[in-house]
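Biologist: Please take a close look at one chain for me. I would like its build, and then the face it turns to its partner.

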Amino acid sequence: MQLDHAFAVRADPDATFAFLLDVNRVAGCIPGVTGVEERDPDTFVGTLKVKVGPVGITYRGTATIVSRDASARQATLAAEGIEGVGAGRVKATAVMAVEPTADGSSVTISTDLAIAGRLAGFGRGIIDGVAKRIVGEMADCIRTKLESPEAATSGRPD
Amino acid sequence: MPVAPIEVRMTVNGVERRAAVPPRLLLSDFLRHELGLTGTHVGCEHGVCGACTVLLDGAAVRSCLLFAVQAEGADVRTVESLTGPNDELTAIPAAFRDEHGLQCGFCTPGIMMSLAALEGDAPVEHEALVDAIGGHLCRCTGYRNIVRAAERAIGVAAGTGEEARDG
Amino acid sequence: MKPPDFEYARPATVADAVSLLASAGGDAKVLAGGQSLVPLLNFRLAAPSLLVDVNRVDGLAHLTVDGSTLRIGATTRMRVLELDPLVRDLVPVLAAAARWVGHVQIRNRGTVGGSVAHADPAAEVPAVCLLLDAELVATGPSGERRIPARDFFAGFLTTTLAEDELLTEIRIPAQTARRWGFREYAQRRGDFALAGAATTVGIDAAGRIDEARIVVFGTSDRPIRARSAEAALAGAEPSADGLDAAATAAADEAAADDPRPDAAYRRVLTRTMVRRALEDAFGGSSDGHGEVR
Amino acid sequence: MAEGLARYVGRSVPRVEDERLVRGRGRYVDDIDLPGQLHGAFLRSVLANARIRSIDATAAREAPGVRLVLTGADLGELNAPLPPFVPDPNMRNPRTQLPLAVDRVRYVGEAIAFVVAADRYLAEDAAALIEVDYEPLPAVVDLATATAAEGRVHDEVPDNVAGDVHDSTGDPDAVFAAAPFVERVHVSIERSTASPIEGRGINAAWDPDAGRLTMYASTQAPVPLKGGLSRLLGLDPDRVHVEAPDVGGGFGSKIMVFYPEEIVVPYAATRVGAPVKWTEDRWEYFVAANQERRQIHDAEIAFDAEGTILGVRTRFLHDGGAYTPYGSDVTHNTATHVLGQYRIPAFEISGQVVFTNKVPVSPYRGAGRPQAVFVMERLVGAMARRLGRDPNEIRRRNLIPKDAFPYETGLHIKAPVTYDSGNYEEAFDEALELVEARTFRSEQAAAREAGRYLGLGVAPYIEATAPARNEACGARLDEGGRLVLAMGLASQGQGHETVFAQIAADTLGCGFEDVAVRTGNTAGEDAGIGTFGSRGVVMGGNAVALAVRELREQLVRFAADLFEATPADIGIADGWVSVAGSPQRRLRIATLVALAGSGGADATAEPGDDPATFEAARRRAAVQGGPTTFEAHGQADLPAMTFASGVHAAIVEVDPGTGGVRILRYVLVHDCGRIVNPTIVEGQVLGGLAQGIGGALLERLVFDEDGQPQTTSFMDFRLPTVDDIPEVRLAHFETPSTLNPLGVKGTGEAGVIPVSAVIAEAIEDALAPFAVRVDSMPLFPDEIVGLIERARQATAA
């Protein structure tokens, strides 16, 4: 499943791109992510609790920055998670790109999402709805943090 | 460790039943496997097929979408109640037999219970019969004979029948 | 397909229910009719640690009139909404909408509050709440608050209710515009709507439309008020062209946000539903009617 | 032949099954709780194609209530590829699955581990604790591109082709080269599933002291299961007993022999020494019970200006899923059925059975036939368009005439394809009459004036029924004179108990209520194959007739001795045995049984017996000797399939604003030879029609690009409800089969076969103003709107 999200940020493109590569800070913006630990500069482990209405599934997994191109301000993040209890899995590859604009930056995040397990088969747009909501909230949060006065300094998720 | 059982008391087909059950035990499983009332069938466990339909305080409901603990103090009726004290068939099962309203018989008890909920209001509008049957999946019959059985057992209020449904 | 283990509580008061919800730290779920929640539990797509069964909470199953407002307790069954003369009389579009909810066996158990709090984008009652500017009453640890419907539905299965808040009542103003229409379409009767439309319209003495409300549902992540379509109708005399234009405007408005691959189809379908709902509303009877297949 | 079959055969005798079923006293597998009952749950693959690096069941083994956890490694030698249902020379790469996957999974739903616990809830809890470390591989999902896909379902099969099918008759190349007209179509039929309301289920009990395994299974084939189980588990066949109790529908999906669960569950029972029950839940049914229907065809038709069909050719791809236990079986049905009722001198079909990372395929009611009719009738539609003729005129012109039977198609699919009997032209005319085809064009024109879009669709079809030669019946008269039939053949709602009792009662000359039929139980009869291919009444019914006829002869000989008459003068009717010419000399069948059993000694007269005759018979019996019991065995061995046929026609209305299709009236003309029970036959046909409507308008299994099934609930896979079933007009023809003594043909699948073809043509006809083409099934509202929108854009451009 392909999810495309674009948003504008009133912040410098390089600062924005740096933020996107700071997994700890981005993770703090993904609703339901907890316990993020750094394995190496590009690999992180953590837990994602997907919670939308009554749907609640916890995935344990890793996120890896598989490529980064500072000059083009483009990076690719691959994440994979396994259900804490149950056999389900989730895999996502997100291509993030930052372009300069007149009043800041425009960010695009193209996510290729694959979900396996019962959630995948429980149709009628649950996944679309859940994924769209997570990416939407993440984008809002990133924008808010980048545009807040302490954006440049704070390294910790709230 | 599993959550401790909870005491539940309900009346099933006129008989008071008590048991200590885990909160997550579905009413359908309670009826079938704790009480041995296996006439209530389970076809999907997500509330669509209707095979598990029973009467809860007179209303047709999916027993796979209720926990047994929720039936505390309730009056539950299952398909077994449609057979009379002398083993005679009441109107609804007799009509299903007479109209060939079943084949494999798996969905039948649920459908008959949805119709049993209408018995007190008989005769009803044709639409009410179709509405009641509309909440059930039958994979064998193609429904026509189920509708005929329902019409025969419940009775259709004058002027609401579907004319010449079969040509 | 058996549910995971959970603790179960059956409070008798709103206060107890709220404190139980608060005690679970966001890991509790309210069990009302259970017609959406229990399937998710059986599929093990939900795993709350505690279910708070509100079916026996005192004073939540009422259906009363307060001035010109219909007050519906949260645990009122959908079947009551469908059949109660009070609803048919004061808010006929709501009674019609209720008839489209699942099948009778689901409506016998499903609750009005449950449908509203579950916030399924294809659900009928939330659409009518938005249509008629309903107020949703919730109680949390810090007391009661009233939330206008337009601020309540926040996205796919998502509302602005806090995790420790309990929806207790739905307050729906009686229809002032007596003409109404309600349409939805699904591949099978009883299924979630692929798209639907609810409308109320009023006509003044001069035969002009003095009030038009249109809500589209099933196309986005929440029900949508089709403001531009309403504006196009307001003040005009009803005409076929006018209804066409309003339907197109509503479809454009609603389809813009549909992420699914069949969005183009939904646009066509939405247009049809709005057009037909309006037609019903303007059709001969001032009482209108929804399409019942 | 069939003389004397009059009292019950042909009548709508009420079903004996219903007395228990309507009381809620049916006994389905999950209803059976044995002492010490344990419950099982499977862990199934969540990926469509992956290597398994490791399986860690430690936590599951320690979970509350768990008695046993089995992985493939725990099965030892038993974990070998399961036997194919049918060995198939067309399969160049036959593959069957392991009972439990070990290092590779090939579809979402493939079984990996089995947990046995105190109850199903605990078993599911524990199964969720098993950790499987997967290495995902690219999934092969899309049939059209599967042979060139990046992924491989089986590593050693690079093109994912499992087998090839080819057959032809006449000289198609020459015919097409010389034909005045040729039209081509490309059609696509989606994957679907049978979806009985009861899923599969098994309850297996092991008695270690007796070394005896008893298995209750929701299956269409208890007899082959028994044989296979004793082989696979190394048990004496006498100590394995399989029973199909009441079965809540099957439609093909409950005959696999072996499904992995059918070996794992009984094996688990032998391991724990207690009964183990596994009841398939709905999610499991959607990911683990066999599926069917997905085929893509390129087809062409050669014809002349008069509308005579000269030849048909088709190439196809068949989605076989991850394993091919049934080989090319479904595609054989397609090959046999494309020509249908038409006289077509040249035909060629060729195609490939292709592996995909989806649930394996086996026949689902219709089984390759709906695809065949869809291809043929889309071709007829294209031909009619080209010639500017009414398609029904073309159909009528090309039907095989009544005097052409037996009709040799020239095809040889396993055996020569020869239609035994038929009356196609009259049935076709009847269908057009019933659907009011003659007045429809004016009805359609008037509707279009009013902005409504009505269309007519028609399709004739044949159904080759009763494949696989053998079925058996044991018949005996019990002490009370009751005729007891034991059959291995299982019933899934077809009313076998009733139909076989009708045949038996008429064959013997007893009352219907004096016959007891026990089906699906290998303890009573363990020869035979199973219920599939519309063979129950043909094979089973003829086995019953053979057994009871033999029994009757025994009784007649005995009576002739006692009555001092010649056997030819003995008559049996209504449960009375009498002598021709002196009807007062009569005794009950029960009396004769008692006389035989005791040599006259303990026999007493039954009410109504003629006292003088009884006394004389008793004295004769004392000195006469003769049989002490009456028992017979009948084995039907019918070498060739019999061809049922029919015509469906429908008027539909399409709503361009929603894409919705409403069937306004539906006509079903049907010929299954001699009819044993008209009500039951009607029920079969109507039920099939409902499934056909589902297959045309509602039901489709969807897989995403990773092979994840998207339709695993009854919310997403939509079976028709009462609202989706139209008014139906039914007519029966009875053209007896010449291939069996009863003159019967099968009927189980007839209702479903032509429905997609009929609905497709009707939609196309309704939307003729937009000139849309329907070339796929099912067709959903969004696709219908899409067709209209595209047609509008094309017109605009």
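Modeller: Chain B has five helices and five strands. Keep in mind that this is a predicted model. Starting at the N terminus, the order in chain B is β-β-α-β-β-β-α-α-α-α. Along the principal axes, the C-alpha atoms of chain B fill a box of roughly 60 × 30 × 25 Å. Of its 167 residues, 64% count as buried. Now take the contacts in chain B with a separation of 6 or more: 58% of them join residues 24 or more positions apart.

Next, the face towards chain D. Chain B puts 51 residues into this contact, and chain D puts in 56 residues. About 4,300 Å² is buried between the two chains, with carbon and sulfur atoms giving 56% of that area. Charge pairing is present too: eight salt bridges are counted between chain B and chain D. One of them joins the side chains of B:Asp87 and D:Arg25, at 2.6 Å from N to O. Polar contacts across this interface link 24 residue pairs, both residues at pLDDT 80 or more. Which helices of chain B supply at least two residues each to the side that touches chain D? They include α1 (27-34) and α2 (91-98).

Conventions. Residues numbered from 1 in each chain as written. Chains lettered and ligands numbered in written order. Predicted model: local features only at pLDDT ≥ 70, side-chain atom pairs only at ≥ 80, totals over all residues. Heavy atoms only, no water. Contact = heavy atoms within 4.5 Å. Buried area = accessible area lost by both parts, 1.4 Å probe. Salt bridge = Lys/Arg side-chain N within 4 Å of Asp/Glu carboxyl O. Polar contact = N/O pair within 3.5 Å; in protein donor to acceptor, adjacent residues only side chain to side chain. Helix = DSSP H or I, 4+ residues; strand = E, 2+ residues; numbered from the N terminus. Buried < 20%, exposed > 50% of the residue type's maximum accessible area, 1.4 Å probe, protein only.
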